[in-house]
Amino acid sequence: SGQMMQFVNVAYFLIAIGAILLLLGFLGCCGAQKESKCLLIIFFTLLLIIFVAEVAGAVVALVYSSMAESLMAPLLKPILQNDYGKQKDVTQVWNSTMTDLHCCGFENYTDFTGSYYYGTHNNQYPPQCCSPNATTCYESSAATANVQGCFDQLLKFIKQNAAVVGGVAAGIAALEIAAMAVAMYLYCKIDNKDMH
């Protein structure tokens, strides 16, 4: 149910973004149809703000991607140590991540050593840390399985899909620039119409 709530929250977020973009598009259409300079300049300004925020987000993501591990490790490792196996939602998120990415822990299985899960499960590691056919997962079998950490697997997944994400982002940016150009063209055209 924790995973289902994540999907529901993402769905609500996407619906909210869609509603905002619908209102923004409606604002632009009304400005063009009514030949309202005020609506057109508001449309242009809001699109410009969104565009600048997207570019800033992309720059920050590129600059800080190399520092991601050093920033995330202090946040995620304590959650693994203290909450995995204790809090149902945290356990479900980590289990689905480890299963989907075929990984174990943040860096590797040693992230679970001394954890709440390790202590309450007779010094065993989560089953994802060992080979799929293992019935128990103690340190020797986890070390032999040599399952990679989730951070490395996540980076590999992101790099594999970077071209698709970059292409979609470039397409969206081109549409935003085109919409801003049309809005400014109409704004200037209204100015010229007023002068004649």
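Let's start at Lys 77, a residue that is partly exposed, with a relative accessible area of 26%. Keep in mind as you look around that this is a predicted model.

What does Lys 77 form a salt bridge with? Its partner is Glu 107, and the closest N and O atoms of the two are 3.0 Å apart. The two residues come from distant parts of the chain, 30 residues apart: Lys 77 belongs to helix α3 (residues 68-82), while Glu 107 lies in the loop between α4 (88-101) and α5 (116-120). Glu 107 is partly exposed too, at a relative accessible area of 34%.

Now move along to helix α7, which covers residues 150-160 and includes Gln 153. Is this glutamine buried or exposed? Its relative accessibility is 14%, and because buried means under 20%, Gln 153 counts as buried. Leu 101 takes us back to α4, which spans 88-101.

Finally, a word on confidence. The chain has a mean pLDDT of 83, with 90% of its residues at 70 or more. Where is confidence lowest, and where is it highest? Helix α1 (residues 2-34) has the lowest confidence, at a mean of 76, and α5 has the highest, at 91. Where pLDDT is low, the predicted coordinates should not be read in detail.

Terms used. Residues are numbered from 1 along each chain as its sequence is written. This is a predicted model: local features need pLDDT of at least 70, side-chain atom pairs count only at pLDDT 80 or more; totals for chains, interfaces and linings use all residues. Side-chain values use heavy atoms; hydrogens and water are left out. A salt bridge is a side-chain nitrogen of Lys or Arg within 4 Å of a carboxyl oxygen of Asp or Glu. Helices (H or I, at least four residues) and strands (E, at least two) are DSSP runs, numbered from the N terminus. Buried means under 20% relative accessible area, exposed over 50%, partly exposed in between (1.4 Å probe, protein chains only). pLDDT is the predictor's confidence in each residue, from 0 to 100.
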